[in-house]
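User: I'd like to learn how to read a fold from its coordinates. Could you walk me through this one?

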Amino acid sequence: MSYVLSFKPAIGLYGQHDPSAAIFDDGELRFAIEEERLTREKHAVDTFPERAIRACLEYEGIDLGDLEKIVLPYEPALRTKILDHYLKNTVRLDGTLEKFTHLRNVGRDQFKSRYVPTRLVESRLEEIGTPLPPIERRSHHACHAVSAFHPSTFDEALVLTIDAKGEYDSTVVWHATADGLTRLRTYEHPNSWGLFYAAVTNYLGYRMFNGEGKVMGLAPFLFSAVFSSNPLELGVLTGGWATPITAIRIRL
Ligand SMILES: [Fe+2]
């Protein structure tokens, strides 16, 4: 038996939505569940996946101390690569107080991600049980890539991961083989198709990071029902799209 638990914390540095947990035994997926299924709150925003973790452990009849390790799908140490972007944002802000507050928050996050990247997660896990196994962290986009590649049954593939934002990267091209991943190309925040999709979702009246699935589902029905041509394409090509996309900058 060699148990590994993985989960998305959805607190602190680890994102805000869709926490979940999965448990593996000797590399084989045994059980996985999203926290929202247990709390009955859609996307379980800002929620530590305590119920999902407990469900994984209960399924195997084990405790946290029986795990070989825990793996988190985010590497806070990589956030130093986004520092440039946040410092540029600080310069653009109006007012000395706003600049100072923003700079202080950036410094605090950088310190946490460098020196205490898992402390918050550890304290929540200690409420479930002790001793804690070692906690490892992985690049967010690498996790997306392997979760698509390994179940695909391909021996080799090009993998494209498009997210709102990983630690600093928004889109990555990978070469994947059974031996692992090679990062071929990286598109960094704020150049993000995921955030652009979030802006479209917001424009259509849905909540960002919540209604994207509805937009995806509705998209095929739009043209024939309402428009004779593609309004998004028209707006982009003519520059006539008047949505204040820059307004979402404060959310990033
Ligand atoms: Fe993601």
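Analyst: Let's begin with pairing: two strands pair if DSSP finds at least two bridges between them. Here β7 and β8 run antiparallel and are joined by 8 bridges. Keep in mind that this is a predicted model.

User: Which residue is the bridge partner of Thr-171 in β8?

Analyst: Thr-171 has Tyr-187 as its bridge partner in β8. Another pair on these strands is Ala-176, which stands opposite Leu-181 in β8. The link between β7 and β8 is a hairpin, made through 2 residues.

User: And how many bridges join β6 to β7?

Analyst: There are 7 bridges, and β6 and β7 also run antiparallel. Ala-157 finds its bridge partner in β7 at Ala-176. β6 and β7 form a hairpin too, with 6 residues between them. As for the general idea, strands of a sheet pair through backbone hydrogen bonds, and they can be parallel or antiparallel.

User: Let's zoom in on one residue. Is Trp-174 buried or exposed, and why?

Analyst: The cut-off you need is that a residue is buried if 20 or more other C-beta atoms lie within 10 Å of its own. Trp-174 counts as buried because it has 23 C-beta neighbours inside 10 Å. This residue lies in strand β7.

User: What does Trp-174 touch?

Analyst: Leaving out residues up to four places away in sequence, Trp-174 touches Ala-145, Val-159, Thr-161, Leu-181, Thr-182, Arg-183 and Leu-184.

User: Now the open sheet. What is the order of its strands?

Analyst: The open sheet has 5 strands in the order β3-β2-β1-β4-β5, and the pairing is mixed. Its edge strands are β3 (28-34) and β5 (135-137), each of which pairs on one side only. On average, neighbouring strands of this sheet are turned by 20 degrees against each other, direction ignored.

User: Which helix packs on that sheet?

Analyst: Helix α2 (residues 50-60) packs on the sheet and touches β1 (3-8), β2 and β3. The direction of α2 makes about 25 degrees with that of β2. Strand β2 itself, residues 20-25, pairs with β3 in the antiparallel sense over 6 bridges.

User: How do I read two helices against each other, say α3 and α4? At what angle do the axes cross?

Analyst: The axes of α3 and helix α4 (residues 96-115) cross at roughly 165 degrees and come within 9 Å. Angles over 145 degrees count as roughly antiparallel, so α3 is roughly antiparallel to α4. The crossing of α3 past α4 is right-handed.

User: Which residues meet there?

Analyst: From α3 you have Leu-83, Tyr-86, Asn-89 and Thr-90, which meet Lys-99, His-102, Leu-103, Val-106 and Gln-110 in α4. By class, this contact has 4 nonpolar, 4 polar and 1 charged residues.

User: How does Thr-90 sit in that contact?

Analyst: Leaving aside neighbours within four places in sequence, Thr-90 is in contact with Lys-99, His-102, Leu-103 and Val-106. The C-alpha atoms of Thr-90 and Leu-103 are separated by 6.4 Å, although these residues are 13 residues apart along the chain. Thr-90 is partly exposed, because 16 other C-beta atoms lie within 10 Å.

User: And the protein as a whole: how many helices and strands?

Analyst: The secondary structure comes to 9 helices and 8 strands. Of the 252 residues in the protein, buried residues make up 24%. Among contacts between residues at least 6 apart in sequence, 55% join residues at least 24 apart.

How values were computed: Residues are numbered from 1 along each chain as its sequence is written. This is a predicted model: local features need pLDDT of at least 70, side-chain atom pairs count only at pLDDT 80 or more; totals for chains, interfaces and linings use all residues. A residue is buried if 20 or more other C-beta atoms lie within 10 Å of its own, exposed if 12 or fewer, and partly exposed in between; C-beta atoms are placed from the backbone. Two residues are in contact if their C-beta atoms, placed from the backbone, lie within 7 Å. Helices (H or I, at least four residues) and strands (E, at least two) are DSSP runs, numbered from the N terminus. Axes are lines fitted to C-alpha atoms, for helices over the stretch in contact, and angles run from 0 to 180 degrees between N-to-C directions. Angles under 35 degrees count as roughly parallel, over 145 as roughly antiparallel, 65 to 115 as roughly perpendicular and the rest as oblique. A crossing is left-handed if the near helix is turned anticlockwise from the far one by less than a right angle, and right-handed if clockwise. Ala, Val, Leu, Ile, Met, Phe, Trp, Tyr, Cys and Pro count as nonpolar, Asp, Glu, Lys and Arg as charged, and the others, Gly among them, as polar.
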